[in-house]
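Here's a quick briefing to read alongside the picture. Take a look at the model first, then work through the points below.

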2 protein chains.
Amino acid sequence: MNKPVLMKMSPLKEIELKPIGYVRRLSKREDVKDRSLISHIIVRKELAKALEGVEGFSHLLVIFYMHEIPKEETKALKVHPRGRTDLPLLGVFSTRTAYRPNPIGLTLVELLKRKGNVLVVRGLDAFDGTPVLDLKPFDSKDMTLNAKVPEWHKKLHS
Amino acid sequence: MNKPVLMKMSPLKEIELKPIGYVRRLSKREDVKDRSLISHIIVRKELAKALEGVEGFSHLLVIFYMHEIPKEETKALKVHPRGRTDLPLLGVFSTRTAYRPNPIGLTLVELLKRKGNVLVVRGLDAFDGTPVLDLKPFDSKDMTLNAKVPEWHKKLHS
């Protein structure tokens with residue numbers, strides 16, 4: 001591998017992002033892990049036009065910022081997946097834990113409807129008030145039928 | 001829909017993220033759109049432990065920041081997909097254009113190898129030096145076999 005002589009460390013400088021909108025749960029008490037539930041994504045009004053045509057897609061990838069994670073918790077390097085000590089201690093990038101250096105969430109949701117600047121979606125596991133960073137229409141390039149996962153992962157749902 | 005009385009606009013305040021690493025292309029002249037090419041993700045050394053176990057997965061979702069997009073271009077609300085005027089003018093959130101409010105990229109890659117803090121991947125369509133924000137192991141929850149896409153999308157590869 002060549003030395004990164006031209007890097008000047010600029011790829012690691014901090015990045016500022018402004019949310020494009022936020023999540024609204026229909027009830028603040030519901031279990032966000034229940035993927036059958038519906039929530040709304042309220043996009044900033046001035047970005048409403050940027051949603052035009054999105055209703056042609058059945059599924060979206062939602063990129064959000066888990067703002068309720070305390071700064072302390074983003075310093076974890078290893079976790080037991082879902083806190084389960086029967087599973088191995090793993091690097092956070094091997095898991096989907098929210099306790100990661102940048103607490104970014106990524107979830108595939110079903111798009112049910114668009115009403116102006118509001119998207120009605122099913123399956124978003126984000127709390128009420130979560131800032132949304134981006135929305136991407138899902139297509140076949142976003143998936144593979146050949147994915148392999150480690151043995152411990154198969155126990156997640158057991 | 002209830003009024004967002006408790007929002008206080010805080011979900012829209014700016015967010016600061018520090019990249020977890022950056023992309024290295026093997027040659028700076030190669031076509032990043034060629035998904036058969038290999039690139040490296042250099043993770044910050046102090047985060048190397050956070051990669052432990054990731055090699056158990058065959059595929060990763062890479063979330064990166066397209067730092068070469070001029071600020072001006074992030075103000076676009078509508079684009080012709082890939083600049084093709086034979087396709088409709090669409091809201092940027094209906095497309096995968098880099099010209100979006102937060103120029104975040106999301107790509108499914110094949111993980112070939114890990115060497116300490118370096119991941120060797122195939123299929124990452126990011127330029128040399130691109131800051132990486134997060135890495136997620138891909139699993140079956142990240143895909144659906146029932147995705148519908150609009151008619152114009154089917155012409156993208158024609």
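A salt bridge here is a side-chain nitrogen of Lys or Arg within 4 Å of a carboxyl oxygen of Asp or Glu. Keep in mind that what you're looking at is a predicted model. With that in hand, let's start with the charged pairs and then move on to the folds and the two copies.

**Salt bridges**
- How many salt bridges turn up over all chains? A search of the whole structure finds 24 of them.
- One pair to look up is D128(A) and R24(A), whose side chains meet in a salt bridge at 3.7 Å, N to O.
- This pair links distant parts of the chain, with the partners 104 residues apart.
- On one side, D128(A) sits in the loop between strand 8 (118-122) and strand 9 (131-137) of chain A, while R24(A) belongs to strand 2 (residues 21-25) of chain A.

**How chain A is built**
- Chain A has nine strands and one helix.
- Going from the N terminus, you'd read its elements as β-β-β-β-β-β-β-β-β-α.
- If you box up the C-alpha atoms of chain A along the principal axes, you get roughly 50 × 45 × 35 Å.

**How the two copies relate**
- Two copies of a chain are related by a rotation about an axis and a shift along it.

**A negative patch**
- E14(A), E16(A), E14(B) and E16(B) form a negative surface patch.
- One of these, E16(B), is found in strand 1 (residues 15-17) of chain B.

**A closer look at K49(A)**
- Where is K49(A) in chain A? Look in the loop between strand 3 (38-43) and strand 4 (59-65).
- K49(A) touches L77(B), K78(B) and G91(B) of the other chain.
- Within chain A, the C-alpha atoms of K49(A) and N117(A) are separated by 8.0 Å, though the two residues are 68 residues apart along the chain.

Key:
Residues numbered from 1 in each chain as written. Chains lettered and ligands numbered in written order. Predicted model: local features only at pLDDT ≥ 70, side-chain atom pairs only at ≥ 80, totals over all residues. Heavy atoms only, no water. Patch = residues over 30% accessible without salt bridge, like charges linked within 9 Å, V, L, I, M, F, W, Y side chains within 5 Å. Areas by Shrake-Rupley, 256 points an atom, 1.4 Å probe, with all protein chains shown as cover. Lys, Arg positive; Asp, Glu negative; His and termini not counted. Charge placed at Lys NZ, Arg CZ, Asp CG, Glu CD. Helix = DSSP H or I, 4+ residues; strand = E, 2+ residues; numbered from the N terminus. Contact = heavy atoms within 4.5 Å. Lists of a residue's contacts leave out its neighbours within four places in sequence.
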